[in-house]
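Here is a colleague's note to read beside the structure. Please keep the 3D view open and go through the points in order.

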Amino acid sequence: MKSALVTSGYLFLVLLSLVLIYFLVAVVLSRMSVEPEPENRKEISIYILTNGVHTDLVVPVKNDVYDWHDYVKYEHTVGKDTTANFIAFGWGDKGFYLETPTWADLKASVAFKAMTGLGASAIHATFYKTMPQNEACRCIDISREQYGRLVTYIQSQFDLDEHGKTIHIKTKANYGQDDAFYEAKGSYNLFYTCNTWANEGLKACGQKAAVWTPFYKGIFYHY
């Protein structure tokens, strides 16, 4: 019995140490900055948007660089409102998106799959008419060429069917009237979270970003 208790104590200390190391590394690397590209024409406005946990990349629905209607369709939303000017993209664990509307609904099986990378992923797309700038929403002006790279990055995260079309996830777990879910590539895990994904998107288009961060504050710290 005593041996079992000692072993359990050691395991607890090891686990606690790993958790502390994880958070320490996250804090340090999230404060370290990847500097933006030196030449940056301010031609297109994009946004980073957070709900206090998750970060979305927000882009124009349509401009002369790209029209997102081929990837995300108004008719996939509940409201089917065609007057939106912006679309927010978030990537994350499919189980969290569809089965966990609130933290109270979180299941141990969903959390385990998300942390270990065993679950599938999804892209959450939300239409907006306006993007008010505040502590939860920051505007970033980028060049047309940089925006093209961001478009390519976001596109590459969608899982496509045999016809090269995005795969709409039909669900009643929508967050509101103006959002839809799509099948995505990759797996969410402790080291590649929804915020890591958004941070990598900023790097892809040459913008200021954290070296690595699993948390939204690691992104917004630089803005």
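**Notes on the fold and its packing**

1. Start at Tyr147. Leaving aside neighbours within four places in sequence, Tyr147 is in contact with Ile44, Ile46, Val59, Pro60, Asn63, Val65, Trp68 and Ile142. A caution before going on: this is a predicted model.

2. Which residues have the most contacts inside the largest nonpolar core? They are Val59, Trp68, Val72, Ile87, Phe89 and Tyr147. This core has 38 residues. Helix α4, residues 144–155, gives the largest share of the core, with five residues. As a general background, nonpolar side chains in soluble globular proteins tend to be buried together.

3. Another core lies apart from the largest one. It has seven residues, among them Tyr47, Phe86, Ala88 and Met131.

4. Is Met131 buried or exposed? Met131 counts as buried because its relative accessibility is 10%, and the cut-off for buried is under 20%. Beyond its neighbours within four places in sequence, Met131 is in contact with Tyr47, Leu49, Val58, Phe86 and Cys137. Met131 and Ile48 are 83 residues apart in sequence. In space, their C-alpha atoms are 10.0 Å apart.

5. Now the sheet. Seven strands form an open sheet, with antiparallel pairing. The order is β6-β2-β3-β4-β5-β8-β7. Why is one side of β6 and of β7 left without a neighbour in the sheet? β6 (137–142) and β7 (168–169) stand at the edges, and each has a single partner strand, so one side of each has no neighbour there.

6. β4 and β5 pair in the antiparallel sense over eight bridges. Here Phe86 has Tyr128 in β5 as its bridge partner. β5 and β8 are also antiparallel, over six bridges. Ser121 has Ala184 in β8 as its bridge partner, and Ala122 has Glu183 in β8. β7 pairs with β8 (residues 179–184) over two bridges, again in the antiparallel sense. Within β8, Phe181 is the bridge partner of Ile169, and Tyr182 stands opposite His168.

7. How covered are these strands? β5 is mostly covered, with seven of its eight residues buried. For β8, six of its six residues are buried.

8. α4 lies across β2 (44–50), β3 (55–60), β4 (86–93), β5 (121–128) and β6. It runs at about 125° to β3. Helix α5, residues 194–204, lies across β2, β3, β4 and β6. The angle between α5 and β3 is about 40°.

9. Turn to the rings. The structure holds 20 aromatic pairs. One of them joins Tyr22 and Phe23: the ring centres are 5.6 Å apart and the planes stand at 90°, so the pair is edge-to-face. Tyr22 counts as buried, at 14% relative accessibility. Phe23 is partly exposed, at 42%.

10. Trp68 and Tyr71 also form an edge-to-face pair. Their centres are 6.0 Å apart, with 90° between the planes. Trp68 is buried, at 1% relative accessibility. Tyr71 is buried too, with a relative accessible area of 14%. Which residues do ring pairs link into a cluster? They are Tyr66, Trp68, Tyr71, Phe89, Phe158 and Tyr182.

11. Finally, charges over rings. Where does the charged end of Arg31 sit? It sits over the ring of Tyr221, 4.4 Å from the ring centre. Lys208 lies over the face of Tyr223, at 5.2 Å from the ring centre.

Methods. Residues are numbered from 1 along each chain as its sequence is written. This is a predicted model: local features need pLDDT of at least 70, side-chain atom pairs count only at pLDDT 80 or more; totals for chains, interfaces and linings use all residues. Side-chain values use heavy atoms; hydrogens and water are left out. Rings of Phe, Tyr and Trp (its six-membered ring) pair if their centres lie within 6.5 Å; planes under 30 degrees apart count as stacked, over 60 as edge-to-face and the rest as tilted. Buried means under 20% relative accessible area, exposed over 50%, partly exposed in between (1.4 Å probe, protein chains only). A charge sits over a ring if NZ of Lys or CZ of Arg is within 6 Å of the ring centre and within 35 degrees of the ring normal. A nonpolar core is a set of buried Ala, Val, Leu, Ile, Met, Phe, Trp, Tyr and Cys residues joined through side-chain atoms within 4.5 Å. Helices (H or I, at least four residues) and strands (E, at least two) are DSSP runs, numbered from the N terminus. Contact means heavy atoms within 4.5 Å. Two strands pair if DSSP finds at least two bridges between them. Axes are lines fitted to C-alpha atoms, for helices over the stretch in contact, and angles run from 0 to 180 degrees between N-to-C directions.
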